[in-house]
Structure formats: structure tokens, C-alpha cells
Amino acid sequence: MTETLFRDDAYLKSCTATVIAVTEQGVVLDRTVFYPTGGGQPGDSGYLRRMDGSTVDVTNTVKGEAPGEIVHVLAAGSVPPAPGETVSAEIDWARRYVHMRYHTALHLLCAVVAAPVTGGQIASDKARADFAIEMEALDKDAIEAKLNALVNAGHPVQIGAISDAELDAQPELIKTMSVSPPRGAGSVRLVEVASVDLQPCGGTHVRNTSEVGPLQVQKIRSEGKLNKRVIISFAE
Ligand SMILES: [Zn+2]
């Protein structure tokens, strides 16, 4: 099991950790600030700094085969630190912060477009969500105006939890049909954009919607009868 420090504090840029395993996939640490690919959010990149000061590049982060295991994927040809070794794990913060802003923006988009979400993906220069809705119900200018109003209102973003049983009793909280929240741990992580959006989510978010910054709707296009794609990007 890797302790997921980024779930309690998404703003942590580094941590000290111990190597617990080195697999063909990469390096497993006992704790990490690296977010693993999932929920439409890309895995973090960065590096592991060894005690002698040398660094090993981490090109991606993924979930391992064992439950709760997070794997730091190293650049091809690099020499991994050994099990038992202490390292400093440091993320590419500029890249991650973009993901946090876009991830939070997608929560706002889910609140603005009143329809079931069928998918979502975050990139470095844009983000998208897919909705089961008719094309005529999607007005590009109106969506953009509503998104920016939510950004400008400066809503706090809070992390909470709900028990599996409570979630079963409120299935409407699950807005993303294609992604079911992880069960089995007894509770599920909830992300609340105060008075705007509440849903189970394991990703990293900014603390306040004002940090998202001005948004634009790049494009709205049909991806099938029950799939309309809204692509957003930063306006600056
Ligand atoms: Zn989220």
C-alpha cells in the first residue's frame, strides 16, 4: 500500500519516502505526492531525488497491480533506487497545478450542464466532459458565461467522505456514469464545490474556484446520439 498524501493535501509538491518495491513497471514508495493516472486526470511526472543528490526522472505515475499500490514510472534506461532506500519524491508542480485547475473546472462544467456525464479527460491545454444530452440544449456562450460566473464567485472546494451505505442511498451523487467510485474501503471520498457541485471523486482540485481562472468553451461537438462533448480551455 502506498499512502496517498495528495488526497489529503493536493498542494504538497514533495515528500520524503522509502522505496518498498521496484518492479518492471517502476518504483513503489511507502507514501507519495504523485497522482496516478485515473478518473480522466493524467498521472504526475517529476523526479525522485536520492540522498546523494542525484535524481531519477519520473515520466508518469500509474496504479500498480496490487490494490493501493502506486507506481512511479521511470524514464527508459534510468537506474532505479533500491528497496529500502530513502528518496525525496518531487512532482512537476506547474504541470500538476494545470491539471488541478482543469479538474476543478470540469466539476463546474458538470454543474452548469444539467445532464448525466458519460466521460471526461484532462490534458495540459484543455479538458473535456461528455454529456448524455441533445445538441440543441447546449449553448456555447451561455455555458461559458455560467462557468466564468462560478469561477469569479470564488466558491471554496472541500474534501469530505461518505460511507458506502450512505452513497448507496443517494445514487444521484454519482454523476459520471462511466466512472464508479472505489468501494470496499468503507467510505468514498467526496468533493464539494460549495453550493455548486457535490460528487465522489479521487482527483486533485484547487482550494477555491477563483484559482481556475477565466475559461472559454473551445468547441461543442457530437460524439454520438448519447454523447455530446464540451471542450474547455483557459481563456488567457
Ligand atoms: Zn474531481
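Tutor: Let's start with a definition: helices (H or I, at least four residues) and strands (E, at least two) are DSSP runs, numbered from the N terminus. This is a predicted model, where local features need pLDDT of at least 70, side-chain atom pairs count only at pLDDT 80 or more, and totals for chains, interfaces and linings use all residues. Residues are numbered from 1 along each chain as its sequence is written.

Student: What makes β6 and β7 a pair?

Tutor: Two strands pair if DSSP finds at least two bridges between them. Five bridges join β6 to β7 (residues 70–74), so these antiparallel strands meet that rule.

Student: Which residue takes a positive phi in the hairpin of β6 and β7?

Tutor: That is G68, with a phi near 80 degrees; six residues lie between the two strands.

Student: How do you know that β5 and β6 pair?

Tutor: Try the rule again: β5 (residues 46–50) and β6 (residues 55–63) share four bridges, in the antiparallel sense, so they pair. G46 has V58 in β6 as its bridge partner, and R49 stands opposite T55. This hairpin has four residues between its strands, and G53 in the turn has a positive phi of about 95 degrees.

Student: Which strands make up the closed barrel?

Tutor: Its six strands run β2-β3-β7-β6-β5-β8, with antiparallel pairing. Neighbouring strands of this sheet are turned by 45 degrees against each other on average, direction ignored, with axes being lines fitted to C-alpha atoms.

Definitions and conventions
Axes fitted to C-alpha atoms, helices over the stretch in contact; angles between N-to-C directions.
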